[in-house]
Amino acid sequence: ETRRNALTALTELVGTVGIGGAHGMSSGQVRIVYAAYLDATKDYSVDKRGDVGSWSRLAAMQGLTDLITAACLVDDEDLRAGLGPLVGQSICAMLKQLSEKLDNVRAAAGEHLERLIGTGGDGSAPPPSAGLVPRCDELRAILLAGAPDGRQQADVLWNWALAYETFPKMVKVMDLGEYHYHVVAGLVLSVGGLTEAVVKSSSGALLAWAKHASKGGDGGARLEGLLATFSRLFDEHRDADRVILPLLKTLELLLVNGIYDGWAASEPPPAPMVEVVSWVQRESRRSTNVPKLFSTVNVLVSLLGHRDPLRRQALQSMLVFLGHRFPRVRKHAAEQLYSKVLVDGDVLFNDGGDAASAAAEGGEEKRRQDVEDLLCTVVWDAELQYVRAQRAALAKLLKVDIDALAAESAKTDTAARSRKKEQQDELASYGHLVREAGY
């Protein structure tokens, strides 16, 4: 509440003091205020009341819109020279909020974007800020296409809180390079969220975009760019489950629906896919978040149909999960791997040769049956020492290096234990602040 109130007060101060002139804010002061607003759009603080950071984000978007609108009316060359990049960054921040899961935040972001890019609903000229927005005409055509006639420019043309109307528009904005990263960063939070209507609409829109992209002439480049964005998100939000868990769910959605099946036969696999898998493995080593580990298992199982080294990496990680210290994780990994062997076991037992000749030898079929028996009969949530002994037998059948597997399991256990000892952010909780104050 204090942050929100401070932002609201700052917006009122800007309106009172004004910009330019003898007594208004200088271009340097405008940049300082702008930086404060932009930082506030990244506030995702959460407490028992929920996403309280959204209060700051709403106030920040209001402040950005008022600041840009006022600055565009000032006849100051120095101010105008630096205003273009500020407007572009503001539009990116608002598009990210427009792609996220909270209805009220989307509604506010859409309203502010309409003010900055102009609705054109009554045929009037666009606002001065529109000339500073990158690819404004294309953005306006995507977001405001089909808007009802007869509205005044100050009115909101769309109900941006409606997920089924907003997300089909947002996936089209992904094709504008300047805004791609920010839209994807917001969209994954919606796809991996908990609200059914938002998840359904955002997932459907993303899958429709991805399927269309896979059929187009440049589909490979667009899908590869999406993976590169995922890799960047993994890098920028290391160990931040608020982002990583939805990101894993989004990746799982695309893999399960066969969006990247066309890459399965690629040898070697595309570099972005290898990089993303490396990030998935890294995130699982340090995590004690069971839903996150479940999503990691689901992603790895979906990758077993790809060529080596992806298949080998995914299979080794799956065996690590079969020896995980959490019984629920071991059981889930066994169930998923068993289902994969039943439905598509050839990908695990065909080592690159002719599948028909391998089956004729009979050895591969027996090995497959032995693997199915182990996965089906072993009680994977039993005592860890017993389970890891059974996993060793399974690793031999699947021709996975036992020593490497043991080393990977030890690394995972050590990372998980060390994470518990890491010192938390000093501002992570109100309780910590009270204790520090001596109350």
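A salt bridge here is a side-chain nitrogen of Lys or Arg within 4 Å of a carboxyl oxygen of Asp or Glu. Keep that in mind for the pairs below, and keep in mind too that this is a predicted model.

Let's start with Asp175 and Arg222, which form a salt bridge whose closest N and O atoms are 3.0 Å apart. Asp175 sits in the loop between helix H7 (163-173) and H8, while Arg222 belongs to helix H10 (residues 219-236), so the pair ties together parts that are 47 residues apart in sequence. How exposed are the two partners? Asp175 comes out as partly exposed, at 38% relative accessibility. Arg222 counts as buried, at 17%, because the cut-off for buried is under 20% relative accessible area.

Next up is Arg135, whose side chain meets that of Glu178 in a salt bridge at 3.1 Å, N to O. This is another link between distant parts of the chain: Arg135 lies in the loop between helix H5 (103-117) and helix H6 (136-144), Glu178 is in helix H8 (residues 177-191), and 43 residues separate them. Arg135 is partly exposed, with a relative accessible area of 32%, and Glu178 is partly exposed as well, at 38%.

Then there's Arg238, which pairs with Asp235 through a side-chain salt bridge of 2.8 Å, N to O. On the accessibility side, Arg238 is partly exposed at 44%, and Asp235 is also partly exposed, with a relative accessible area of 36%.

| Salt bridge | N to O distance |
|---|---|
| Asp175 and Arg222 | 3.0 Å |
| Arg135 and Glu178 | 3.1 Å |
| Arg238 and Asp235 | 2.8 Å |

Which residues are linked in a network of salt bridges? Asp239, Asp241, Arg282, Glu283 and Lys292 are joined up that way. Counting over the model, the total comes to 21 salt bridges.

And the cysteines? How many disulfides does a search of the whole structure find? The answer is zero. For a disulfide to be called, two cysteine sulfur atoms would have to lie within 2.5 Å. As for where some of the cysteines sit, Cys72 is buried, with a relative accessible area of 3%, and Cys92 is buried too, at 9%.

To sum up, the model has 21 salt bridges and zero disulfides.

Key: Residues are numbered from 1 along each chain as its sequence is written. This is a predicted model: local features need pLDDT of at least 70, side-chain atom pairs count only at pLDDT 80 or more; totals for chains, interfaces and linings use all residues. Side-chain values use heavy atoms; hydrogens and water are left out. Helices (H or I, at least four residues) and strands (E, at least two) are DSSP runs, numbered from the N terminus. Buried means under 20% relative accessible area, exposed over 50%, partly exposed in between (1.4 Å probe, protein chains only).
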